[in-house]
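These are my notebook entries on a structure that I am opening for the first time. I want to write down what I looked up, one topic at a time.

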Amino acid sequence: MISIKERIQQFNNNIKDEYYHLTCSGQASEKELKAIAPYFDFPIPLSLTWFYRETGSVTGDSEEFVLNIEPVSYLLEKLQEKEKYYLCRSLGIIDYIRFSWGNDRPEFDEIQKSKIDFLNNNYKSIGHYRYDWGLEEAYYLYVDKKGNFGKVRYHQDDFYNLWKEHLNGMLKESPATEELESMIVRIINKLETGIKEKDD
């Protein structure tokens with residue numbers, strides 16, 4: 001299977017508009033990997049450790065058709081941020097969704113705390129990607145306790161379907177089935193197709 005770095009290079013070669021280009025940077029040191037480990041609450045999968053060590057991150061600057069898996073150094077900085085609007089309270093899936101919205105998603109405050117805590121404890125977010133809704137919608141990537149990867153879709157005007165499509169089921173069992181590398185390559189494939197269709 002093609003590596004993540006190779007696929008990103010292909011992506012950038014195939015997409016002429018540099019606005020959509022993706023980059024890899026910020027390979028994690030052993031010290032950073034040790035520092036981030038307690039925030040996962042369960043063993044970090046070897047595939048994710050390898051990704052952080054060898055690839056570091058996948059990020060882009062566009063507001064649509066973009067994948068952002070931040071480097072460990074960035075996560076550590078935001079987990080210790082003093083300004084509440086830039087603080088990532090934890091790597092839990094709900095806290096990460098809130099973080100990506102500047103911690104301004106009051107609808108989550110109306111959900112039973114035990115449900116929020118369960119989701120945060122059992123699913124750790126590693127990043128997100130955006131497709132054709134720009135900043136209004138994102139697909140949040142997560143890893144579960146078994147080391148499987150998955151995603152949840154959240155549109156700013158569709159809080160009900162976030163629970164209907166994803167979170168209610170995740171309270172019962174993890175729907176995650178993907179491996180990290182194949183998931184990332186699949187997402188990049190989807191982004192490339194979307195950009196080309198948009199430009200046609």
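**Entry 1: helices that meet**

I began with two helices and found that Ile-93, Ile-94, Asp-95 and Arg-98 in H5 meet Ile-116, Leu-119 and Asn-120 in H6, where contact means heavy atoms within 4.5 Å. I note that this is a predicted model in which local features need pLDDT of at least 70 and side-chain atom pairs count only at pLDDT 80 or more, while totals for chains, interfaces and linings use all residues. Residues are numbered from 1 along each chain as its sequence is written, and side-chain values use heavy atoms, with hydrogens and water left out.

For the names, I take helices (H or I, at least four residues) and strands (E, at least two) as DSSP runs numbered from the N terminus. H5 and H6 pack with their axes 6 Å apart, at an angle of about 95°, which makes H5 roughly perpendicular to H6. The axes are lines fitted to C-alpha atoms, for helices over the stretch in contact, and the angles run from 0 to 180 degrees between N-to-C directions. Angles under 35 degrees count as roughly parallel, over 145 as roughly antiparallel, 65 to 115 as roughly perpendicular, and the rest as oblique. The residues of the contact of H5 with H6 divide into 4 nonpolar, 1 polar and 2 charged; here Ala, Val, Leu, Ile, Met, Phe, Trp, Tyr, Cys and Pro count as nonpolar, Asp, Glu, Lys and Arg as charged, and the others, Gly among them, as polar.

I then followed H6 (residues 113-122) to helix H7 (residues 159-170), and their axes come within 10 Å and cross at roughly 85°, so H6 is roughly perpendicular to H7. Ile-116, Phe-118 and Leu-119 of H6 make this contact with Trp-163, Leu-167 and Met-170 of H7, and by class it has 6 nonpolar, no polar and no charged residues.

Next I looked at H1 and H8, whose axes come within 10 Å and cross at roughly 5°, which makes H1 roughly parallel to H8. Among the residues that meet here are Ile-4, Ile-8 and Phe-11 in H1 and Ile-184, Val-185 and Ile-188 in H8, and the contact divides into 8 nonpolar, 2 polar and 4 charged residues.

**Entry 2: the sheet**

I traced an open sheet of 4 strands in the order S3-S4-S5-S6, with antiparallel pairing; two strands pair if DSSP finds at least two bridges between them. Strand S3 (66-68) and strand S6 (149-155) stand at the edges with a single partner strand each, so one side of each has no neighbour in the sheet. Neighbouring strands are turned by 30° against each other on average, direction ignored. S4 is joined to strand S5 (residues 137-144) by 6 bridges, and the bridge partner of Lys-124 in S5 is Val-143.

**Entry 3: the pockets**

On a 1 Å grid over the protein atoms alone, a pocket is an open set of points where a 1.4 Å probe fits, with protein on both sides within 12 Å along at least five of seven lines, and lining residues have an atom within 4 Å of a point. The largest pocket has a volume of about 240 Å³, a volume being the space filled by probe spheres set on the points, which are joined across faces, edges and corners. Of its 13 lining residues, Glu-70, Tyr-74, Phe-99, Ser-100 and His-128 lie nearest its centre. H5 gives the most to this lining, with 3 residues, and the lining divides into 5 nonpolar, 5 polar and 3 charged residues.

Which helix gives the most to the lining of the second largest pocket? I found that H3 does, with 5 residues, and that about 200 Å³ of space lies in this pocket.
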